[in-house]
Amino acid sequence: MYESHNASEVSEVDGRSGQEGVKVGLWGVLIFAELAALWVVIVVFWVWLANRLTSTGPVSRDPEKMKLAAKELEERGLAAAAAAAWQAYLDAQPQAPDRWEVLLRIGNLYLRAQQPTQAAQAFALLRQEVPDEQLKQQVEAGLVACERLSGLYGPIEKWLAQRRLQPQSIAAQGQVVAIVGDEKLTEADLDMLLRSRLDQLLAAQGLSADKAQREAQLRQWNSPGMRARLLRLLLQNDLFLRRAREMKLHEDPEFVAQREETLEMLLLERFLERELVDTAPTQADVEAYYRSHLAQFQQPEMLQVVLMQLPDAKTAAETGAKIQSAEEFVRIAASLKGANGQPAAGLRQIVRNRPDPILGDPEPLFQLQEGQWTNRPLEVRGNYYLVLVDKKIPARTLSLAEVRPVILDTLRQQRRQEALDRLFEQLSHRYGVKILLQAPATATELPLDAEQTLTEKGPSKPSPPTASIPLPPQNPTSNPKPPENSAKEP
């Protein structure tokens, strides 16, 4: 009985062992199948990649095909792309038998593409490798062209460098007018240089679109004498610029600062020209402004006087004693000369209730009538004057026709300022700018020249001196017509 019991236990254990063995076998089969599938995938991928590399590699690295591609780019006029293709050819074939020829080709192509830095690198490398003297001369010529195009020379030598890179079929022709180094400057070259210079001048003045102005100027420049003079000026500027750069003046900190300021002003002006639209005020705008600002157009009483300056009190008294009429006053005034030989008399306008820079308080003169003069000389800060009232101009309101140009200019300035303010607000919002400095309760206005300096026109220039006013005719009672700018003090 004991034996049978043991036998049954053994059979149960064997059964469980068998079941566990079956489970382990199934998991092993599954794991092996997954590993086998993974290896199949890896093998298939490597086969595909090998085929891909085999099909593409030799084509992209084939020297002959790379040369054909570079030549095709040259034929299409893509100089920079062709130079890069030739460089790729050399990178793939560092010991290529035509290496020197290709390096020279790369340098010339970059020159043709106006990329002197890359061209200089190719020429410098070739100069280190090549032993042939004739080829070295070509390399030196290429390096000189790089220098010219890099800004070390003036416009003439830059043009000669560019012409050298052009195909021979369109080489400049005509009589030689100058020799610059080893290059000949011809009549055709001079024509191109003059046109280029004129276009630069017109662009600087904002007249690029004025074809009539350009043609008229070219006709004026086309005379033999003018061409010779302009050629000399162009060569002079070239030589001066070349020497200045040799002296490193373009690296001077003050020059660099001035150049940067000029560039900023030009860019700012171009930006404002593009963004601000100048719309002319209408007639209704002008009339409305005139009606609402009549007080600004009140012209006070004025005197037009003949002013005679004498050297001292004695001379002034003696001269005044000789005068018996207004005609005689004008005649004596016209004959007076100052110490420098210039006329010592002239017309002047005086405004009531406004101090005159020369005569001081003008009120006593307003007591005189037309054709009357001061009985005794006026002494003002050590100077002595005799004054004749030539014409009395009564106070009045200037007409709309008289002030229309002033109103138009004022309205344009107002609209421009409003447009500037709107543009400023838009850009402040765009770039996240906030002004934290609070303005005072009473706004302080900038002087006009300071405002222009900070915005668009750069430092202000002094106004030209006012032209001298001639003396009136010798009959002062004839009431000559007042000058057109009677509203302004001369």
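Author: A definition to start with: two strands count as paired if DSSP finds at least two bridges between them. Helices (H or I, at least four residues) and strands (E, at least two) are DSSP runs, numbered from the N terminus. This is a predicted model, in which local features need pLDDT of at least 70 and side-chain atom pairs count only at pLDDT 80 or more, while totals for chains, interfaces and linings use all residues. Residues are numbered from 1 along each chain as its sequence is written, and side-chain values use heavy atoms, with hydrogens and water left out.

Reader: Fine. How many helices and strands does the protein chain have?

Author: The protein chain has 16 helices and eight strands.

Reader: And what percentage of the residues is buried?

Author: Of the 490 residues in the protein chain, 28% are buried. Buried means under 20% relative accessible area, exposed over 50%, and partly exposed in between (1.4 Å probe, protein chains only).

Reader: Back to pairing. Which strands does S4 pair with?

Author: Strand S4 (residues 302–310) pairs with strand S5 (residues 345–351) in the antiparallel sense, over seven bridges. S4 also pairs antiparallel with strand S7 (residues 383–393), over nine bridges.

Reader: Which residues are bridge partners there?

Author: On the S5 side, Met 302 has Val 351 as its bridge partner. On the S7 side, Leu 310 is partnered by Tyr 384, and Leu 303 stands opposite Lys 392.

Reader: Is S4 mostly covered or open?

Author: Mostly covered, with eight of its nine residues buried. S7 has 10 of its 11 residues buried, so S7 is largely enclosed by the rest of the structure.

Reader: What joins S6 to S7?

Author: Three bridges, and the two strands run antiparallel. Tyr 384 in S7 is the bridge partner of Glu 379. The hairpin of S6 and S7 has two residues between the strands, and Arg 381 takes a positive phi near 50° there.

Reader: Where is Asp 356?

Author: In the loop between S5 and strand S6 (378–380).

Reader: Buried or exposed?

Author: Asp 356 counts as buried because its relative accessibility is 5%. Its side chain reaches the backbone nitrogen of Leu 359 at 2.9 Å. That is a polar contact: a pair of N or O atoms within 3.5 Å, where within protein one must be able to donate a hydrogen and the other to accept it, and residues adjacent in sequence count only if both atoms are side-chain atoms.

Reader: New topic, helix H2. Which of its residues are buried?

Author: Met 66, Lys 67 and Ala 70 are the buried residues of H2. They cover an arc of only 100° around the axis, which puts them on the same side of H2. The arc is that of the directions from the helix axis to the C-beta atoms.

Reader: What does the face turned away from the buried side carry?

Author: The exposed residues Leu 68 and Glu 75.

Reader: What happens at the start of H2, and what follows it?

Author: At the start, a side-chain oxygen of Asp 62 comes to within 3.2 Å of the backbone nitrogen of Glu 64. After H2 comes Gly 77, with a positive phi near 80°.

Reader: Last one. Where does Ala 209 sit?

Author: Ala 209 is in the loop between helix H8 (187–204) and helix H9 (211–221). Ala 209 is exposed, at a relative accessible area of 70%.
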